[in-house]
Amino acid sequence: MVGVRSTELAPTTTVKFFGAGSAGCIADLITFPLDTAKVRLQIQGEGKSSGSQNVRYKGVFGTIKTIVKTEGPRGLYSGLVAGLHRQMSFASIRVGLYDTTKQLYSRGAEDTGIVTRLMAGCTTGAMAVTVAQPTDVVKVRFQAQMRLPEGGSAKRYSSTIEAYRTIGREEGIRGLWKGCLPNITRNAIVNCSELVTYDLIKELILKHNLMTDNMPCHFTAAFAAGFCTTIVASPVDVVKTRFMNSVPGQYSSACNSAVTMLIQEGPLAFYKGFMPSFLRLGSWNIVMFVTYEQIKRGMMRFQQCQESPT
C-alpha cells in the first residue's frame, strides 16, 4: 500500500502476509454476526416461488434478533472457526501479496497505473480462493445450517473438522471446492473493488494533503472501498452463497443457480442481504485496513528495535 513514511522501513512481504491474515481474523471476530445475517437473508426463499415463500428474516437487525431468539447468541457465530481458518489463508494471500504482485506487474515502476492495480487484485483474489475455498464452503454451510428444521434435523454438521470430513467423504474433493468458479469471479471483483479503491483513495488523500497517513485517512479509504465493493459484488456473492450451500443435485452449476433464482425470485434476489453486506463489508474493511496498517507498523518498529544496537 502507499504512504510509508520516509523514517520507517518499508514492510516486508512476510510482514504484510501475516499482518493481513491477523487483521482479517480480528475483523471477522467483530463483524461475523453481520456476515451470518447476510447469509441467512441471501438464502431465504431458496427453492420457492416468490409468491409462496415464507419470510422468516426481515432486515439486518431483525435477522440478528430472530437468530438470537431462536438459536441463542451463539447462532450468530456459527461457522466462526472456519471463518478464522479462511481469513488466515485468504486475507494473507489476497491482501498480503497485493503490493508484491503489483510491483511484479509494474516491474518496479514507481507510478502504478489502474490496469496494473486491477491485474494485481484479480491475481491475488483468484490465488486466495484456490487455496481457501474449502474453508469458505464450511463457513457458509455452518452459517446457513440452522434453517433446516424442515429436513428433519437442525444441524448438518456438529463441528468444523467433522464438516470438512463429511463433505470430503460424501461429496469428494469437488464438494470441498464447490462454487470455486463463482467464488473466484466474486473475489476477483471484490479484490479489485476493495484493494484498488482503498489504494487509490488513500493515495489521493495523501497526494493532496487532505490528511496525513494515519487512522482517519485509513478509515475514510476503507469505508469508500467497502461501499464500492458491495455495489459491484453483491449479485455474484448471492449466487456463490446459494450454490455453496446447496445439496448435491439441487443446481447443475453456478449459472443454473443464478438462472433458477432469477426465474423464481426475480432480479432483486441478486441484491438480497444488501444492507448486511454493506454494513459487514464497510465495517470489515474499516477494522481490517486500520488494524492491518497498525500491525505492519508495529511489526516493523519491533524489528527495528531488535536490530538497533543497545
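Helices here are DSSP runs of at least four residues, numbered from the N terminus. The model is predicted.

Q: Which helix gives the largest share of the nonpolar patch?
A: Helix 5, residues 114-144, gives four residues. The patch covers about 430 Å² and is made by Tyr 105, Ile 114, Val 115, Leu 118 and Met 119. Tyr 105 is found in helix 4.

Q: Why does Tyr 105 count as partly exposed?
A: Its relative accessibility is 34%. Buried means under 20%, and exposed means over 50%. The value lies in between, so Tyr 105 is partly exposed.

Q: Why is Arg 40 called buried?
A: Its relative accessible area is 1%. The cut-off is under 20%, so Arg 40 is buried.

Q: What makes Glu 71 and Arg 40 a salt bridge?
A: Their side chains meet at 2.9 Å, N to O. The limit is within 4 Å, so the pair qualifies. Glu 71 lies in helix 2 and Arg 40 in helix 1, so the pair ties together parts 31 residues apart in sequence.

Q: What makes Asp 99 and Lys 102 a salt bridge?
A: The closest N and O atoms are 3.7 Å apart. That is within 4 Å, so the pair counts. Both residues lie in helix 4, three residues apart, about one turn of the helix.

Terms used:
Residues numbered from 1 in each chain as written. Predicted model: local features only at pLDDT ≥ 70, side-chain atom pairs only at ≥ 80, totals over all residues. Heavy atoms only, no water. Patch = residues over 30% accessible without salt bridge, like charges linked within 9 Å, V, L, I, M, F, W, Y side chains within 5 Å. Areas by Shrake-Rupley, 256 points an atom, 1.4 Å probe, with all protein chains shown as cover. Helix = DSSP H or I, 4+ residues; strand = E, 2+ residues; numbered from the N terminus. Buried < 20%, exposed > 50% of the residue type's maximum accessible area, 1.4 Å probe, protein only.
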